[in-house]
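Subject: Handover of a structure and notes on its contents

Dear colleague,

Please find below the sequence and structure that I am passing on to you.

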Amino acid sequence: MTHEKQHPILLDYVRQYPLPHGVRFTYGTAGFRSEGSILASTVFRAGILAALRSLKTGSTVGLMLTASHNPISDNGVKIADPDGGMMIQQWEPFADALVNAPDPDHLLQLVVQFVKEENIPFGGGQSANILLGRDTRPSGDALLEAAKQGINSVVGAVAIDMGILTTPQLHWMVRNINKGTRSSESDYMEQLAKSFRCLVDLAPDNTMESKLVVDGANGVGGEKLQQLKKILSGLDICVRNTGKEGEGLLNEGCGADYVQKEKAIPSNFGLDDVGMKCASLDGDGDRLVYFIPSASSKNVDLIDGDKILTLFALFIKEQLDFLYNEQGLDNKEAVSLGVVQTAYANGASTAYLKQLGLEVVLAPTGVKYLHKEAATFDVGIYFEANGHGTILFSEKFLSHLQARSDELSSTASGSESHKSGLRLLEVSRLINQAVGDALSGLLLVEAVLQYKGWSIKAWNELYQDLPSRQLKAKVADRNAVVTANAETKVVKPPGLQELIDEETAKYPCGRCFVRPSGTEDVVRVYAEASTQEAADSLAQSAVQLVDRFLGFAGSHQKA
């Protein structure tokens with residue numbers, strides 16, 4: 001029997017979405033991403049992938065159309081697993097093979113083989129449910145139709161269009177629907193507003209800056225924040241770059257990636273905002289950075305993901321100390337609190353966290369690696385410097401925390417230990433434990449600042465970042481560089497790391513690493529030192545060493 005007779009509907013659908021010529025797609029941390037105009041076949045096949053994932057797990061999965069901080073002409077697609085996190089890495093090679101299959105027959109052979117290997121119930125005996133979301137990109141509507149067609153080509157699969165969403169909203173919905181809890185967009189908004197209000201009510205009566213000016217990147221995050229602010233109390237939010245007519249293009253001269261990389265004021269911000277508490281979201285609402293516009297230039301004092309992580313870690317540690325230490329409990333259970341960073345985290349932040357007595361773990365670049373490490377702790381906090389991160393609470397710890405809070409409500413109601421237990425429970429409800437979420441993260445930042453009674457300036461002065469520089473060197477084959485120790489040490493080519501170490505030793509507070517890019521044939525270089533001049537010099541030296549070992553001498557540029 002031919003494959004076509006086994007699954008005729010699959011082939012009929014596939015023929016409508018031929019591959020673009022001369023392009024190969026790779027499923028990375030961000031899923032598949034490219035020019036929106038050439039993604040239809042990729043998104044169609046990602047619909048098949050999502051349906052198979054749902055059949056395999058017997059749970060609802062998600063499919064999100066977004067290119068995050070990329071220009072408006074780009075788009076992308078990624079799959080959310082039943083726990084709301086990224087699709088498991090073991091399926092990525094199949095994802096790559098599926099979207100690059102040269103013709104319908106090869107594609108169907110791949111599917112049949114994979115279904116057999118994974119023991120997926122395929123053929124209509126089991127249903128599959130896929131939640132679909134998209135951001136505000138013009139290419140989103142056509143690609144949504146391609147995703148639906150891909151899902152519909154699998155017997156028993158159902159596509160459920162959730163409309164325009166931030167990426168974190170879709171992940172939250174998938175996680176909650178599989179837990180059997182409320183999972184609509186209005187439920188999301190109400191949960192954030194309620195938990196924020198509870199945290200503010202549990203804070204001391206501090207005076208703080210209640211006004212916050214937010215750059216919405218002309219994307220979906222700004223649009224959703226406008227909706228959220230209608231049901232918020234205790235916070236005065238002004239949203240700029242909401243995506244309305246005349247405000248500008250998505251991510252162009254605005255957004256968290258622009259502010260973090262350029263350390264520059266986003267569009268539609270000016271002299272009236274100097275010294276103000278400001279924040280910036282990225283195009284799909286999963287990254288968050290804060291900043292203070294400077295009076296002397298168009299630059300900003302940047303408060304990036306490292307400082308957001310530090311603020312959260314300080315707060316969580318303090319609440320745990322209150323919960324267990326206030327009454328001198330002898331039988332307190334050990335709670336593992338861990339902080340996860342990448343090698344790109346500023347060395348000053350890592351040193352500060354360690355001074356607090358916190359366990360700091362390094363993970364390779366990419367949210368999927370940080371999330372996995374954070375999940376090994378009772379409470380795990382992870383952030384990348386770009387502003388993407390969250391806090392994870394283990395189910396075991398949450399169960400214990402609820403029991404402890406219930407006990408304190410009857411024996412020590414109103415005590416600081418009782419309040420700290422309530423605060424931690426509300427943090428677990430406010431923060432998006434599926435994935436980094438700029439909206440929930442923003443509200444938690446504001447709640448913690450209220451609790452501490454800190455201005456944005458006081459927060460920014462917790463520690464002083466070491467000057468740093470990022471460059472990239474063009475190479476013939478980025479895979480010639482192999483790293484270890486969370487990408488901080490070069491294993492191949494032999495001898496390169498030793499020379500980098502020799503250069504680094506010449507600079508006070510020097511730190512330098514190189515790693516292959518995950519998306520282009522370049523090697524990325526990061527350097528830190530006690531002065532900006534020294535960091536620049538160290539980075540240039542590292543680029544020259546990469547050139548010497550891997551060719552294309554002198555081809556370096558800003559990362």
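The notes that follow go from the overall division of the chain to individual sheets, helices and residues.

The structure is a predicted model, in which local features need pLDDT of at least 70 and side-chain atom pairs count only at pLDDT 80 or more, while totals for chains, interfaces and linings use all residues. Residues are numbered from 1 along each chain as its sequence is written, and side-chain values use heavy atoms, with hydrogens and water left out.

Overall division

The protein is divided into domain 1 (3-164), domain 2 (191-301), domain 3 (306-460) and domain 4 (468-558); these bounds come from an automatic or database domain assignment. The C-alpha centres of domain 1 and domain 4 are 36 Å apart.

Helices and strands below are DSSP runs, numbered from the N terminus (helices: H or I, at least four residues; strands: E, at least two). Residues 57-90 are 3% helix and 35% strand, with end C-alpha atoms 14 Å apart. Residues 125-178 are 46% helix and 28% strand, and their end C-alpha atoms lie 20 Å apart.

The five-stranded sheet

Five strands form an open sheet in the order S7-S6-S8-S9-S10, and the pairing is mixed; two strands pair if DSSP finds at least two bridges between them. Strands S7 (236-240) and S10 (300-303) stand at the edges with a single partner strand each, so one side of each is left without a neighbour in the sheet. On average, neighbouring strands of this sheet are turned by 30 degrees against each other, direction ignored.

Strand S6 (residues 211-215) pairs with S7 in the parallel sense over five bridges, and Asp 215 has Arg 240 in S7 as its bridge partner. Helix H9 (residues 220-229) lies across S6, S7 and strand S8 (278-281), and runs at about 155 degrees to S7. Contact means heavy atoms within 4.5 Å. Axes are lines fitted to C-alpha atoms, for helices over the stretch in contact, and angles run from 0 to 180 degrees between N-to-C directions.

Strand S9 (residues 288-293) is largely enclosed by the rest of the structure, because six of its six residues are buried. Buried means under 20% relative accessible area, exposed over 50% and partly exposed in between (1.4 Å probe, protein chains only). Leu 288, Tyr 290 and Ile 292 point one way from S9, whereas Val 289, Phe 291 and Pro 293 point the other way.

S8 and S9 pair in the antiparallel sense over four bridges, with Val 289 in S9 as the bridge partner of Ser 280. These two strands form a hairpin with six residues between them, and Gly 285 in the turn has a positive phi of about 80 degrees. S9 and S10 also run antiparallel, joined by four bridges, and Pro 293 stands opposite Val 300 in S10.

A second open sheet has four strands in the order S12-S11-S13-S14, with mixed pairing. Strand S12 (359-362) and S14 are at its edges, each with a single partner strand, so one side of each lacks a neighbour in the sheet. Five bridges join S13 to S14 in an antiparallel run, and Ile 381 stands opposite Ile 391 in S14.

Gly 387 is in the loop between strand S13 (379-383) and strand S14 (389-393). Is Gly 387 buried or exposed? Gly 387 is buried, with a relative accessible area of 2%. Leaving aside neighbours within four places in sequence, Gly 387 is in contact with Asp 286, Arg 287, Leu 288, Val 289 and Gly 305.

Helix H3 (residues 40-57) is mostly covered, with 15 of its 18 residues buried. Just after H3, Gly 58 takes a positive phi of about 65 degrees. Helix H19 (residues 532-550) has 19 residues, and its buried residues include Leu 538, Val 543 and Leu 550. Just after H19, Gly 551 takes a positive phi of about 90 degrees.

With kind regards

Methods
The expected span of a helix is 1.5 Å times one less than its number of residues.
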